[in-house]
Amino acid sequence: MISAGERVLLVDPRGKRYLVKVEDKEFHTDLGILNLGELIGKPYGTKIKSHRGETFTALKPDINDIIAKMKRGPQIVHPKDAGIIIAYAGISPGDTVIEAGAGSGALTIFLANAVGSSGKVISYEVRKDFYEIAQKNVELAGFSDRVVLKNKSIYNGIDEEEADHIVLDLPQPENVLPHAVDVLKPGGYFVAYTPCMNQVHRFFRALEEFRGEFMKPRVVEVLVREQEVKRECMRPKTTMLSHTGYITFLRKL
Ligand code: SAM
């Protein structure tokens, strides 16, 4: 049942989505005015009409809805990359993941969803303004129970004594290697997301000093090509999100 104060996703007849807080108040759209109070005590899937007779459906928002609508600071890690990070590193319910930098908190939210309520994500963010944005976004996603944000640089060290995985989206992941070898459990993953090739190359040079600490690294780039399906023709969409970043996976020995 939908309660007052909860956030719901309203979908209009064109498929346009609105993330709204359910309160006894009006919500104005270009398809008319809705009375959000009508949703209180109703199940998800309830349909309400605007004063112009247009039907809107109320759904429970998932993490992708939250991430699409939340305030952003820096560029986020996209779902295609977050999915591969979680799958290839085997991030599972109950895991403790150390992350940096939190940025807008998008990857933090994907990780928090994967570790579940029995897991923990401890995320370092050096910039106060981004730390505050990430904090609000984690709260919006309902993951404050399992996410601890720290407004500090991970380059200076990791406070935690043990972690199942370390996931980084910051300019110089190689600066975290000396701390990671002490903290990462055997079998755990060190994941570095970097937009540029030269960052990967620099990381690999730094890795030479850590021979024997990790299994052979794996680097991937994820391309997702959406399809356009029409009655007479199916083909790839003419535009796509092409390059986002390279993802390097290291497994601790
Ligand atoms: N992954 C984030 C998301 O999905 O919203 C975006 C991360 S953003 C591209 C990179 C972040 O790393 C920035 O917010 C930056 O301030 C932070 N950062 C850079 N160096 C850092 C450090 N040494 N320790 C912690 N955070 C750092």
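This is a predicted model: local features need pLDDT of at least 70, side-chain atom pairs count only at pLDDT 80 or more; totals for chains, interfaces and linings use all residues.
**Entry 1: salt bridge search.** I searched the whole structure for salt bridges, and the search returned 17. I then looked up several of the pairs and the accessibility of their partners.

**Entry 2: Asp-12 and Arg-14.** I looked up the pair Asp-12 and Arg-14, which forms a salt bridge with the closest N and O atoms 2.6 Å apart. Are the two partners buried or partly exposed? Asp-12 has a relative accessible area of 4%, so I list Asp-12 as buried, the limit being under 20%. Arg-14 comes out at 47% relative accessibility and is therefore partly exposed.

**Entry 3: Lys-80 and Asp-81.** I checked the side chains of Lys-80 and Asp-81, and they meet in a salt bridge at 3.3 Å, N to O. I noted 14% relative accessible area for Lys-80, which counts as buried. For Asp-81 I noted 0%, and this residue is buried too.

**Entry 4: Lys-128 and Glu-132.** I went on to helix α4, which covers residues 128-141 and holds both Lys-128 and Glu-132. The two lie four residues apart, about one turn of the helix. I found a salt bridge between them, with 3.1 Å separating the closest N and O atoms.

**Entry 5: a network.** Which residues do salt bridges with shared partners join into one network? I list Lys-150, Lys-152, Asp-159 and Glu-160.

**Entry 6: Lys-69.** I turned to Lys-69, which I located in helix α1, residues 63-69. Its relative accessible area is 42%, so I count Lys-69 as partly exposed. What does Lys-69 touch, leaving out residues up to four places away in sequence? I recorded Arg-17 and Leu-19. With Arg-17 I also found a polar contact: the side chain of Lys-69 reaches the backbone oxygen of Arg-17 at 2.7 Å. As a distance check I took Ile-33, which is 36 residues from Lys-69 in sequence. In space the two are 20 Å apart, C-alpha to C-alpha.

**Entry 7: recap.** For Lys-69 I keep the 2.7 Å approach to the backbone oxygen of Arg-17.

Technical notes
Residues are numbered from 1 along each chain as its sequence is written. Side-chain values use heavy atoms; hydrogens and water are left out. A salt bridge is a side-chain nitrogen of Lys or Arg within 4 Å of a carboxyl oxygen of Asp or Glu. Buried means under 20% relative accessible area, exposed over 50%, partly exposed in between (1.4 Å probe, protein chains only). Contact means heavy atoms within 4.5 Å. A polar contact is a pair of N or O atoms within 3.5 Å; within protein, one must be able to donate a hydrogen and the other to accept it, and residues adjacent in sequence count only if both atoms are side-chain atoms.
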